[in-house]
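Take each task on your own before reading its solution.

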Amino acid sequence: MTTIEKPQEILSLQYLRALAAIGVLLYHRIEIFSIGTHGVDLFFVISGFVMIATTDAKEKTPSAFLVDRIIRVVPMYWLAILAGGLLVLVGIPVHRYETDVVSLISSMLFIPYLNAHGEAWPVILQGWTLNYEMYFYAIFSLILFAPQSLRVWALAACFCVLVALGEAAPSQGAISATYTSPLLLEFLAGTILGRIYGLTLRNISVLRALIVSGLLAAGLFACSYFFGRLAWGGLAVLIVASALTSERLGWVPNIPWLKFLGAASFSIYIFQQLFFTLSGNLFGTLTQLSGINFLYLLFWRPMDVVIAAGGGALIYLFIEKPVGRYLKSMRFRGKVVAA
């Protein structure tokens, strides 16, 4: 009987995903946590690590890789877009949610565009990072045609050329700005970490891994002279490398609740805008009923974060997880039938 191979779980990456997602929530609701916005840089570095490490460990065709990524991202993102549209239809405005056909289709197809406010945000604001992710996946799928030993080099050449083109011929268009963004180098940095550590975290010695990671971070810090945000990419590299090294040395404990939040991080991240909307309406209604202005009480914004994190975790548990399991099983059955 054929079974589906379960990918190796790296606890430290799950913990970092959880911290990155909660950090972004804190940034959006509590001003003093401005550093939380750079949870996105952690996500990008981790994404690069996972893509190269998993495809190194188990060879995948470009089409199989893309199908896996679509199953992982598209259903929940489209559900978030649909849920936002339903809130707008019932008279609950969602921040920056635009209902015109172009905005909705562009958002669903991960095509960057400028909204009515001149911002490169899709209807679900956090989807701007998914535009980068899906672009990275598309390019990475092409890189899979190359021999394994050349893939990181091919990706490095591709992203460096794209970033250089963006600097040589800057454009105000959302597509060109995204597709030539220096943020692509954070994905590249993650793939280099994935190659030197691997899924077992033992591809090379600890000392060599730390030296290469340090040089990689230093490279991003140097690039930040031209592209300021890449300093945070360099810090993300150091954080990820430190976490991976700690896990290799056996210093990372199994913390079930933090591991769960890491697994739920995608739903927590992508549905936050909708839960913030619902939370604001809830506290607004309580204000009307009680005469107490809850929106000015200190606990409101922290409660916003708790509601968004809890709501995203519930969506992961009762929707994302079973839907993902079902789609993967259907894909596997299709392979068996085809065979």
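The exercises below use a predicted model, and each solution goes step by step.

**Exercise 1. Check the length of helix α8 and find out how far it is covered.**

Step 1: α8 covers residues 184-197. At 1.5 Å a residue, its 14 residues should span 20 Å, and the end C-alpha atoms are 20 Å apart, so expectation and model agree.

Step 2: Turn to burial, where the cut-off is under 20% relative accessible area. Twelve of the 14 residues of α8 are buried, so the helix is mostly covered. Among them are L184, E186, F187, T191 and G194.

Step 3: Look for what does the covering. The elements over the buried residues of α8 include α2, α5, α6 (151-168), α7, α9 and α10 (230-248).

Step 4: Just after α8, G198 takes a positive phi of about 75°.

**Exercise 2. Describe how α8 packs with α9 (residues 206-223).**

Step 1: Two packed helices are described by the angle between their axes and the distance between the axes. For α8 and α9 the angle is about 170° and the axes lie 10 Å apart.

Step 2: Angles over 145 degrees count as roughly antiparallel, and α8 and α9 are therefore roughly antiparallel to each other.

Step 3: List the contact. From α8 come L185, A189, I192, L193, I196 and Y197, while α9 supplies A209, L210, V212, S213, L216 and L220.

Step 4: Sort these residues by class. The contact has eleven nonpolar, one polar and no charged residues.

**Exercise 3. Which residues touch the most other members of the largest nonpolar core?**

Step 1: This core holds 93 residues, and F49, I124, F159, L193, Y197 and V240 touch the most other members.

Step 2: Ask which element gives the largest share. Helix α2 (residues 39-57) does, with eleven residues.

Step 3: Take F159 as an example. Neighbours within four places in sequence set aside, F159 is in contact with F136, I139, L184, L185, F187 and L188.

**Exercise 4. Locate the non-glycine residues F110 and L201, and decide whether each is buried or exposed.**

Step 1: F110 sits in the loop between α4 (101-108) and α5, and L201 in the loop between α8 and α9.

Step 2: Read the backbone angle. Phi is positive for F110, at about 60°, and for L201, at about 65°.

Step 3: Compare accessibility with the 20% cut-off. F110 has 7% and counts as buried; L201 has 5% and also counts as buried.

**Exercise 5. Are T180 and F318 buried or exposed?**

Step 1: T180 belongs to the loop between α7 (174-179) and α8. With a relative accessible area of 18%, T180 is buried. Apart from neighbours within four places in sequence, its contacts are L162, V163 and G166.

Step 2: F318 is part of helix α14 (residues 300-338). Its relative accessibility is 59%, and over 50% counts as exposed, so F318 is exposed.

Step 3: T180 and I204 are 24 residues apart in sequence, with 32 Å between their C-alpha atoms. F318 and V67 are 251 residues apart along the chain, with a C-alpha separation of 22 Å.

How values were computed. Residues are numbered from 1 along each chain as its sequence is written. This is a predicted model: local features need pLDDT of at least 70, side-chain atom pairs count only at pLDDT 80 or more; totals for chains, interfaces and linings use all residues. Side-chain values use heavy atoms; hydrogens and water are left out. A nonpolar core is a set of buried Ala, Val, Leu, Ile, Met, Phe, Trp, Tyr and Cys residues joined through side-chain atoms within 4.5 Å. Buried means under 20% relative accessible area, exposed over 50%, partly exposed in between (1.4 Å probe, protein chains only). Helices (H or I, at least four residues) and strands (E, at least two) are DSSP runs, numbered from the N terminus. Contact means heavy atoms within 4.5 Å. Axes are lines fitted to C-alpha atoms, for helices over the stretch in contact, and angles run from 0 to 180 degrees between N-to-C directions. Angles under 35 degrees count as roughly parallel, over 145 as roughly antiparallel, 65 to 115 as roughly perpendicular and the rest as oblique. Ala, Val, Leu, Ile, Met, Phe, Trp, Tyr, Cys and Pro count as nonpolar, Asp, Glu, Lys and Arg as charged, and the others, Gly among them, as polar. The expected span of a helix is 1.5 Å times one less than its number of residues.
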